[in-house]
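Could you walk me through this structure from the overall layout down to single residues? I'm new to it, so please spell out the terms along the way.

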Amino acid sequence: MQEPRCQSSKEGEVMTEMRRVTAIRNGTVVDHIPSGHAMQVIRILRIDTARATPVSLVMNVPSDKLGRKDVLKIEDRELNQEDLDRLALIAPEASIAIIRNHAVAEKMRVELADDLVNIARCSFSNCITKNNREPLPQRMRVVAHGPLEVRCYYCGRGQEIDELIENII
């Protein structure tokens with residue numbers, strides 16, 4: 001168990017704060033995930049929870065930025081741009097820290113693009129992208145960022161976030 005850290009408050013009281021999750025040697029920390037969405041992030045990033053590589057998850061912790069947030073630590077995996085594009089669907093305000101040898105090597109911010117190519121398949125059964133004889137890229141347009149509204153570029157059908165997660169490529 002880790003020793004509590006002590007901090008002095010404004011009134012001169014001593015407060016203790018304990019780290020909720022241990023540090024990782026190498027991997028990725030995904031911070032500022034909207035509260036309650038960490039499991040969706042695990043699914044969208046295709047993290048195999050049955051593997052031997054540890055994944056630490058902290059849910060519903062206080063955040064100055066979001067009020068409440070989730071945090072995910074993934075050992076021995078660095079997220080690439082494709083992962084960040086998928087992550088942006090669920091956590092467009094997330095911050096990413098790449099950890100190497102217990103130190104932050106890189107910091108990145110997730111950014112939701114206006115045009116999502118080959119991130120998710122359209123959920124509409126009659127969309128032209130479902131036709132195997134038409135080898136079109138899977139393309140979605142972000143119509144609005146808040147609340148998130150995504151439409152298929154070809155058929156124009158709106159995509160629910162749960163549908164997008166189920167249809168991630």
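Here is a tour that goes from the whole chain to its sheets, cores and cysteines.

First, some ground rules: this is a predicted model, in which local features need pLDDT of at least 70 and side-chain atom pairs count only at pLDDT 80 or more, while totals for chains, interfaces and linings use all residues. Residues are numbered from 1 along each chain as its sequence is written, and side-chain values use heavy atoms, with hydrogens and water left out.

How confident is the predictor? pLDDT is its confidence in each residue, on a scale from 0 to 100. The chain averages 84, and 87% of the residues score at least 70. Confidence is highest in strand 6, at a mean of 96, and lowest in strand 1 (residues 5-8), at 40. Residues 1-18 have a pLDDT below 50, and beyond near neighbours in sequence this stretch has 19 contacts in the model; a contact means heavy atoms within 4.5 Å. Where pLDDT is low, the predicted coordinates should not be read in detail.

Now for the layout. The chain has three helices and 11 strands. Both are DSSP runs numbered from the N terminus: helices are H or I with at least four residues, strands are E with at least two. Along the sequence the pattern reads β-β-β-α-β-β-α-β-β-β-β-β-β-α. Of the contacts with a separation of 6 or more, 56% are between residues 24 or more positions apart.

Let's turn to the sheets. Strands of a sheet pair through backbone hydrogen bonds, either parallel or antiparallel; here, two strands count as paired if DSSP finds at least two bridges between them.

Leu57 sits opposite Leu72 in strand 5. Strand 3 (residues 27-34) is joined to strand 6 (residues 95-100) by five bridges, again running antiparallel, and Thr28 is opposite Ile98 in strand 6.

The other open sheet to look at has four strands in the order 8-9-10-11, with antiparallel pairing. Its edges are strand 8 (115-117) and strand 11 (158-159), each with a single partner strand, so one side of each is left without a neighbour in the sheet. Strand 10 and strand 11 pair over two bridges, and Val150 has Gln159 in strand 11 as its bridge partner.

What about the inside? Of the 169 residues, 36% count as buried, where buried means under 20% relative accessible area, exposed means over 50%, and partly exposed is in between (1.4 Å probe, protein chains only). A nonpolar core is a set of buried Ala, Val, Leu, Ile, Met, Phe, Trp, Tyr and Cys residues joined through side-chain atoms within 4.5 Å. The largest such core has 33 residues, and Val30, Leu45, Leu72, Leu87, Leu89 and Ile96 touch the most other members. Elements giving two or more residues to this core include strand 3, helix 1 (38-44) and strand 9 (139-145). Its largest share, five residues, comes from helix 2. Leaving aside neighbours within four places in sequence, Val30 contacts several residues, including Leu72, Leu87 and Ile96. Another core, of seven residues, lies apart from the largest one, and Ile24, Val58, Val61 and Val71 are among its members.

Finally, the cysteines and one loop. A disulfide is a pair of cysteine sulfur atoms within 2.5 Å, and the whole structure has zero. For Cys122, the nearest cysteine sulfur is that of Cys155, 3.6 Å away. Cys122 is buried, with a relative accessible area of 1%. The sulfur of Cys152 is 3.6 Å from the closest cysteine sulfur, in Cys127, too far for a bond; Cys152 is buried too, at 1% relative accessibility. In the loop between strand 8 and strand 9 you'll find Ile128, which is partly exposed at 40% relative accessibility. Not counting residues up to four places away in sequence, Ile128 touches Glu134, Leu136 and Tyr154. Ile128 and Tyr154 are 26 residues apart in sequence, and their C-alpha atoms are 7.1 Å apart in space.

Methods:
pLDDT = per-residue confidence, 0-100.
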